[in-house]
Structure formats: C-alpha cells, structure tokens
Amino acid sequence: MHILHVVGARPNFMKAAPVLRALNSYPDVRQTLVHTGQHYDASMSEVFFRELEMPEPDVNLGVGSGTHGQQTAAVMTAFEPVVIEHKPELVLVYGDVNSTLAAALVCAKLAIPVGHVEAGLRSRDRAMPEEINRVLTDRLSDLLFTPSDDGDRNLLDEGIPRSRIHLVGNVMIDTLVRLLPKAKTHLSNGANGRFALVTLHRPSNVDDLVWLRDLLTTLADLSDQLSVIFPVHPRTRQRLNDLGIDHSRSTRLHLLEPLPYVEFIGLQRRAAVVITDSGGIQEETTFLGIPCLTVRENTERPITISLGTNQLVGRNLQKLRDSAEAILQQKLSPQEERNPVPLWDGRAAERIARIIVRGSATE
Ligand code: UD1
C-alpha cells in the first residue's frame, strides 16, 4: 500500500511524525512525504524534522507565503502533478492549515482517498481561516480520525456517515509522550525561577495593531511579577516591527525567536502559567496539567476546558490580568502527566495505522 503524507506548517510536523513512525512498522506500506513549504524558515520547519526524527521530505513544493487564496492555489497547482506522478492509494493530511485543505481538494478531484488526522474540531467561528479549512477538509475526506468524542459528534451533526469516523485520540500528545523525557533534561537559559510562557500568532490577535500593543503592555505589566518568556512567531515579529514596539522598559519580558520543540516543551512543563492563542498548546498544557489562558473568544478544543486546564479570556485584558493573578496566587504546582482525556495516551498513531492497514483499531 502506498501512502502519501502532506505537511506544510509547524503544527503539522508533530502530528505527522508519529503516524509516519507507526506506519513504518508495516512492511507492506510504502510512504511518501510531501512538504508544501508553507512554513520555510529553519526555525519553523527544519529544526522540527531533526528533533522529531522525521525523514527528509521526498518532495518540497516550496510554495511559501501569500494571501490565503494565493497560498492555497499555489499548493494545489504544485501538488496535483505530484499526486498524478506518485499515484498513492491514500493521502493523509493533518490539522487545519491552508496546505491541509489544498491537498485534500486536489485529491478529492483526482478521486484519491483522503484521510484527515485531527478531524471534527469546530470553533464555529468562520472568521478563523482554520475553521474554514477544517469544515471543508472533513467534507472531502474518506477517513476521519478524531482526537476526542466531541469531534465525532460534530461530524455526525454535519451528516458525515458514522462509518468514516474513527475516534483514535490525539497524535500531538503521542509526540509529547515520546519526547517528554528528553524535554525534562533540557535546561533553557533565562528560565530560572517562576515564569509565564506566551505565544501569540493568530490574525485576530496580531493583525490588529492597537489590540497587539495593548496585549504587549499587559504582558509587560505581568513581567513586574514574574519573567515572561515569549517566543515570537514570524507573523507576530513582522507586526511588532510594524509597530516599532519598544518593550525595553521591562527587562523581564523576553521576546525570543521561535523555539525548537524539545526546548519549548521543557519550558511549558515548568511554566507557572501559559498564555496563548495556539490550538496545540491548549492540548499540551491540558496533558501536562499547566494552567493555560487562551486569548480567544472560542476554542475548537472544548475538552481542554471541560477536562483540562484551559480557560478562555477572550478579548478582555482585565480578564487576562485577573485570571493570571488568580493562577499565580493559588501557587498551583503542575500536575504533570495526569491523563484526563480518554485516548490521549501516546498511542493514537498506532490506532490510525491499524485502521488504515487492517481496517480496525483493535489488535
Ligand atoms: C499557520 C496556520 C495556523 C497555524 C500556524 C502555526 C493557516 C491558515 N494558518 O498560520 O493554523 O496555527 O501556521 O504556525 O494555514 N512566515 C515566515 N516564515 C515561515 C512561515 C511564515 O516568515 O517559515 C511569515 C510569512 O511572512 C507569512 C506569515 O508568517 O506571511 C504567516 O504565515 P502563514 O503560513 O500564512 O500563516 P501562519 O500565521 O503561520
């Protein structure tokens, strides 16, 4: 069986790595890895391939940045001949980035079966480009691998047949489980003592410069209490440059380059609080038992609130301040490695591989 995987942006790599590994143990499976090149900086791509021990991509489409239309179209145009040449029997796409939808659409039109890993998540917020990508990718996919049962319910509500839906657990947690021992031995410079860890890159937070400036001021205020470590996504870096932001008043607000995976997990597990707008980090903090404040109005990962450590603070800086204060006052110690969400156990990719090869997740 020939399976082709498509990855393009940072959060895809931690999801694809365990699936590639799990399928590797089946001698009859041949795998091809395509990188669309949506993320191209070494710090957003190359370093993850090394750390996650992923094979070099067989093909790199080199599409780079652009508007959503340009980026999606560029992936489609470059990917179509690759599919025609390689003739895979199944194409696996991951998550919700533009590369995911573009690849699924090409395959659907060529009648090549598509499997979507991390299917069924819904924020119900169509202003998010990722939500559009999720809904359409699920619509186009033949195999839908969900991380939690809310995903199954969302898909059934949209009329997707039960037979296509497979609740397998969370592949991002597979990677976390595998690399946590390494992360525990990683010592980061500047992260001694208590600190908050921040990531922000969503258009809703960083493209509105007034809001971004206010957020930065709030983080600078927080840094009067404890160090704030903020690895900055390239999109956010561009906006901060546009603003000419001067954060020099605070020597404890550290704006860093994007960090490699192991170092970032090493920081996450020791953070007093994580402030983020990322999807994956809401899940990782839930697994690690670290309090997480999500700077969004909604989440496609409600299980991180109902069973985990996540709280939505929305577009409300007072709420962000108050919630951070409450967390810091409680002096919560991390409840590391409790495992509150069913099937977030490090074995999701094995289940996916079994379903693909044998037609069932059970041994
Ligand atoms: C994309 C995903 C988002 C995911 C995020 C993780 C979509 C719609 N969004 O958002 O779901 O959470 O990746 O990082 O697919 N850039 C660089 N170097 C890079 C990559 C990007 O400089 O290696 C800059 C580009 O100038 C680009 C901007 O960052 O304009 C945004 O990149 P893009 O891939 O369009 O979306 P992200 O914001 O990264």
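This is a predicted model: local features need pLDDT of at least 70, side-chain atom pairs count only at pLDDT 80 or more; totals for chains, interfaces and linings use all residues.
Local features need pLDDT of at least 70 and side-chain atom pairs count only at pLDDT 80 or more, while totals for chains, interfaces and linings use all residues. Residues are numbered from 1 along each chain as its sequence is written, and side-chain values use heavy atoms, without hydrogens and water.

Helices (H or I, at least four residues) and strands (E, at least two) are DSSP runs numbered from the N terminus. Two strands pair if DSSP finds at least two bridges between them. Seven parallel-paired strands form an open sheet in the order E3-E2-E1-E4-E5-E6-E7. Strands E3 (59–60) and E7 (165–167) each have a single partner strand, so one side of each lacks a neighbour in the sheet. Helix H3 packs on the sheet, touching E1, E2, E3 and E4, where contact means heavy atoms within 4.5 Å. Helix H6 lies across E6 and E7.

Axes are lines fitted to C-alpha atoms, for helices over the stretch in contact, with angles from 0 to 180 degrees between N-to-C directions.

| H3 (residues 68–86) | E1 (2–7) | about 165° |

Strands E4 (residues 90–94) and E5 (residues 114–117) run parallel and are joined by four bridges; Leu-92 has Gly-115 in E5 as its bridge partner.

The charged end of Arg-315 sits over the ring of Trp-211, 4.5 Å from its centre (criterion: NZ of Lys or CZ of Arg within 6 Å of the ring centre and within 35 degrees of the ring normal).
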